[in-house]
Each structure stands twice: as C-alpha cells, then as structure tokens.
Amino acid sequence: MKLKYPINLHKGSTSIFVLALMVIYQNFTIGAWVYLALHGTYGILWLLKDRIYPDKQWEQEVSLIAGIFGFFFVSLYWVAPFILISSGTIPSPPLIAAAISINILGIFLHYSSDAQKYYTLKYKSGLITEGFFARCRNTNYLGEICIYLGFALLVQHWLPFAILGLFATVVFVPNMLKKNKSLSRYPEFEEYKANSGLLLPQV
C-alpha cells in the first residue's frame, strides 16, 4: 500500500472520531465544537490537497504492517480531543481566539507553501527561493506545527504539546535535514541557506 492511505484514513476520520467523543461524553460545549471545526476541517483540506496537489513523499509503497503502525502513530494526535472532551475542560474566549488565529495561520502557511512547491516543481525543477520559501526553507512544516499548536492550546494540557514535540523530533526535523542534504547538490544552495531559516523565517 502507499504510505498516504493510512494517513488519509486518519485525517478523513478525525471529524467522525471527535464527534463520537462528543456523543459518548455528552460534551457539546464551545471548546468541543471549536475543536471539531478546526481539526475536522484540517482533515478534509488534507484530503483535498492530496487530490489536487499530492506530496511525493506520501506516494511511497510500504508494507501492511508499516501502514498499520503509521495509522496508530499519527493517531497520537487524537489524544488532544480525547483529553479536551472527556475532561469537560472549557477554554476561555481569549484562548479560543488565540487557538483559532494560530490554526488559521498554520493552515495558510502549510497548504499554500505546499501548493507553491508542487506547481513550481511541476514546470521547473531546482531550488525554490521565492514566495513562501524566500526566507524559510520549510514553511510547510512551520505551518503544520502552528496547526497542532492551536489544537494543543484548546486542550490546556501538557500531553498534546509533548506529542507535537515528539512528531517534531521524530518526523519534522529529520525530514528537514534530509531536504537540506538533497538541496545541497545545487551550487546556489549555500547562498540560499545563508539567507533563509531552517524552520523560522530569517529576517
């Protein structure tokens, strides 16, 4: 199977999972609804992105066991809605506003930069040093971190932050370093590297 299948299954079923938690725990507070809207919409947008401009790294073939492991690994992200909804925690309006703002920023950075990368490389190979990648070499990962940071803020618990840190350490950073190594084959990479940040934009 392709690696994207278990990941897409997880993303697409997130809204169902969160809604089921709301029904099971009879929690229909503002925090639960906002979480459902944010994380559920993110999952739908992920599926749309995969149809419109898919990411090559998710097209690789993996074994069934690896696919099952991948699904349960990304399902760690479901810990956040479980804690929020099962505990009955109600985030304050300012916290909700902050979480929504950070999430929207993350969605913009993640999906827009991926679109730029896909359509640029479709017609011209080489380094992408303008637009979303002018000052940051991994704008898409920065966006994804912002997305899950918004989810974690709503929960008000340390565990979702720890899980985000785990993904950053095990998945995001190794992929960014791997990308650096791949791009280093271009003669102009050193100059580009000096003028751009690995994750945070260089001003």
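This is a predicted model: local features need pLDDT of at least 70, side-chain atom pairs count only at pLDDT 80 or more; totals for chains, interfaces and linings use all residues.
A residue counts as buried under 20% relative accessible area, as exposed over 50%, and as partly exposed in between.

Gln156 lies in the loop between α6 (139-155) and α7 (158-183). Its backbone deserves attention: although Gln156 is not a glycine, its phi is positive, at about 60 degrees. Most residues other than glycine have a negative phi. Gln26 likewise is not a glycine and has a positive phi, of about 50 degrees. Gln26 is found in the loop between α1 (4-24) and α2, and with a relative accessible area of 56% it is exposed.

The helices that follow can be considered as a packed pair. Two packed helices are described by the angle between their axes and the distance between the axes. For helix α2 (residues 30-52) and helix α4 (residues 79-87), the angle is about 160 degrees and the axes are 9 Å apart. Angles over 145 degrees count as roughly antiparallel, and α2 and α4 are therefore roughly antiparallel to each other. The crossing in which α2 passes α4 is left-handed.

Charged side chains provide a further set of contacts. Side chains of opposite charge can pair when their charged atoms come close. The whole structure contains five salt bridges. One of them joins Lys2 to Glu59, with the closest N and O atoms 3.0 Å apart. This pair links distant parts of the chain, since Lys2 belongs to the segment before α1 and Glu59 to the loop between α2 and α3, 57 residues apart. Lys2 is partly exposed, with a relative accessible area of 24%, and Glu59 is partly exposed, also with 24%.

Glu59 also forms a salt bridge with Lys4, at 3.1 Å between the closest N and O atoms. Here Glu59 in the loop and Lys4 in helix α1 are 55 residues apart. Lys4 in turn meets Asp50 in a salt bridge of 3.5 Å, N to O; this pair connects helix α1 with helix α2 across 46 residues. Both Lys4 and Asp50 are buried, Lys4 at 13% relative accessibility. Through shared partners, the salt bridges join Lys2, Lys4, Asp50 and Glu59 into one network.

The surface also has a nonpolar patch of about 530 Å², made by Met1, Tyr5, Leu64, Ile68 and Phe72. Helix α3 (residues 64-74) contributes the most to this patch, with three residues. Ile68 is located in helix α3 and, at 42% relative accessibility, counts as partly exposed.

Technical notes. Residues are numbered from 1 along each chain as its sequence is written. Side-chain values use heavy atoms; hydrogens and water are left out. Patches are made of residues with over 30% relative accessible area and no salt bridge: like charges are joined within 9 Å, nonpolar side chains (Val, Leu, Ile, Met, Phe, Trp, Tyr) within 5 Å. Accessible areas come from the Shrake-Rupley method with a 1.4 Å probe; for residues, only the protein chains shown count as cover. A salt bridge is a side-chain nitrogen of Lys or Arg within 4 Å of a carboxyl oxygen of Asp or Glu. Helices (H or I, at least four residues) and strands (E, at least two) are DSSP runs, numbered from the N terminus. Buried means under 20% relative accessible area, exposed over 50%, partly exposed in between (1.4 Å probe, protein chains only). Axes are lines fitted to C-alpha atoms, for helices over the stretch in contact, and angles run from 0 to 180 degrees between N-to-C directions. Angles under 35 degrees count as roughly parallel, over 145 as roughly antiparallel, 65 to 115 as roughly perpendicular and the rest as oblique. A crossing is left-handed if the near helix is turned anticlockwise from the far one by less than a right angle, and right-handed if clockwise.
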